[in-house]
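This report describes the surroundings of a ligand and a few backbone features.

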Amino acid sequence: MTSFNQVIIHRQTTPLIGAVSVPGDKSISHRAVMLAALADGPSTIRNWLPAGDTLATLEVMRALGVVIEIDRRNSHSWDLRVEGRGLRGLKRPSGSLDCHHAGTAIRLLSGIMAGQSFPSVLDGSEQLRKRPMGRVTEPLRLMGADIRSEEGHAPLSIRPSALHGMEYKMKVASAQVKSSILLAGLYADDAVRVYEPGPARDHTERLLIAMGTIIAKSEGWVTLGEAPLGGRRLLPLDMTVPGDFSSAAFPLVAAAIVPDSQITIKQVGINATRTGLLAMLRDMGANITLSNQSVTGGEPIADLTVSFTELRGIEVGEPTVVKAIDEFPIWTVATTQAAGQSVARDATELRVKEVDRIAVMAEEMRRFGANIDEREDGFTVVGPQRLSGARVDSHDDHRLGMALAVTGLVAAGTTVVDDAACMADSFPGFIETMQQLGASMEWGAAG
Ligand code: S3P
């Protein structure tokens with residue numbers, strides 16, 4: 001069987017035009033299936049994202065005894081019916097729980113597994129085993145969790161232990177760490193308070209509130225109060241997952257940099273903790289409008305329309321960085337096409353994503369002839385830069401792969417992105433979506 005692990009891109013000589021939708025939000029899809037599994041009763045989750053990362057979570061929940069029925073609406077959008085087993089109803093798994101590449105899966109599940117009455121082991125791919133886990137094991141241990149790592153890395157071995165209330169100040173604003181603590185807090189004997197130094201995505205809080213849990217927020221502190229008399233219970237969910245802003249970011253930037261383009265991306269989540277890139281692109285002069293605004297599953301959504309304009313360089317640092325943390329690879333592409341200097345600061349977290357997204361992005365962009373000046377906490381780009389088609393590699397990082405494919409649209413000649421199958425870790429159908437907009441991008445068999 002031919003395996004398609006390569007994408008071929010030709011310089012885009014016609015505008016990108018049309019209206020598309022993007023698959024469901026990855027962060028919300030992970031959380032919805034985990035929390036639905038812990039609810040009292042069946043949940044319905046529409047437009048759930050069947051991507052590499054979220055499927056790992058779905059399989060982990062099944063390994064924990066949760067029955068999940070799937071209605072495959074299409075290859076990018078599933079409807080799930082999850083038979084919630086209640087907070088204390090998960091079953092002991094027969095082997096270790098495989099989170100593949102998914103940092104969100106392993107870090108959030110570590111909080112849930114710390115509260116169970118049976119032991120478990122959370123593990124994943126070689127790539128995941130390289131990512132820091134001390135950021136979750138440390139606070140969970142302070143709550144009383146019995147959790148061991150391999151010198152701060154997966155596999156994580158967790159044994160049953162009583163969890164206590166806690167007040168914890170996160171050193172970096174991380175939604176994964178905050179969520180892990182809140183999820184463990186569902187099993188704690190007292191209130192749990194987490195301080196976030198910046199506005200990390202709040203999907204866990206929104207879902208917990210929708211499930212009947214009281215969460216208070218004040219001056220950076222997020223508080224899950226003590227359990228009510230009679231113990232905690234989560235109400236089932238009945239929700240539709242919004243389109244993923246982080247996936248929309250790729251066609252959005254593509255249309256902002258390919259001359260004369262105008263596209264609309266429908267029903268995208270515009271939660272303010274996620275849309276830093278919108279503000280960044282607007283500061284650069286991009287023409288982006290929002291329409292059809294509504295709310296689904298407790299999350300605001302809108303149609304995003306972007307049309308091509310000349311961009312100018314900007315400087316970005318906290319508090320915007322955390323709201324755009326997954327968008328830096330594609331924003332880097334925009335900066336190469338903008339006039340003047342763009343600077344990213346306060347972005348050291350990029351170095352501990354799927355790969356070191358500062359070093360690896362700079363290295364791959366150099367193959368196009370781009371000049372990216374790296375610093376410990378970010379980078380500087382002076383544009384506009386003339387790029388030439390190149391053979392580049394995703395390093396098995398989905399967002400890097402898609403950013404490189406978009407770069408190919410503005411590079412002279414032909415570009416080949418190797419190791420491209422990983423794009424489906426977050427955005428199944430990325431190439432087909434870009435083709436719907438007229439992009440000259442296609443799958444090729446790996447050479
Ligand atoms: C995520 C949080 C972010 C983000 C990741 C998804 C989440 O990670 O980069 O892709 O769903 O909670 P950090 O919490 O490490 O910043």
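## Ligand contacts

An oxygen atom of the ligand lies 2.7 Å from a side-chain N or O atom of Ser27; a polar contact is a pair of N or O atoms within 3.5 Å. Ser174 places a polar side-chain atom 2.6 Å from a ligand oxygen atom, and a backbone N or O atom of Gln176 is 2.9 Å from an oxygen atom of the ligand. Of the 380 Å² of accessible area that the ligand has on its own, the protein covers 95% (Shrake-Rupley method, 1.4 Å probe).

## Basis

The model is predicted: local features need pLDDT of at least 70 and side-chain atom pairs pLDDT 80 or more, while totals for chains, interfaces and linings use all residues. Residues are numbered from 1 along each chain as its sequence is written, and side-chain values use heavy atoms, with hydrogens and water left out.

## Ligand shell

The residues around the ligand (a heavy atom within 4 Å) include Arg31, Thr104, Arg135, Arg201, Asp326 and Lys353. Helix H1 (26-37) and helix H6 (175-185) each supply at least two residues of this shell; helices are DSSP runs of H or I with at least four residues, and strands are runs of E with at least two, numbered from the N terminus.

Domain 1 (3-24 + 242-446) and domain 2 (26-240) both give residues to the shell, so the ligand lies between them. The domain bounds come from an automatic or database assignment.

## Backbone features

The peptide bond from Glu318 to Pro319 is cis, with omega near 5°. Pro319 is in the loop between strand S18 (315-316) and helix H10 (320-323). The bond from Gly383 to Pro384 is also cis, with omega near 0°.

Terms used
A polar contact is a pair of N or O atoms within 3.5 Å; within protein, one must be able to donate a hydrogen and the other to accept it, and residues adjacent in sequence count only if both atoms are side-chain atoms.
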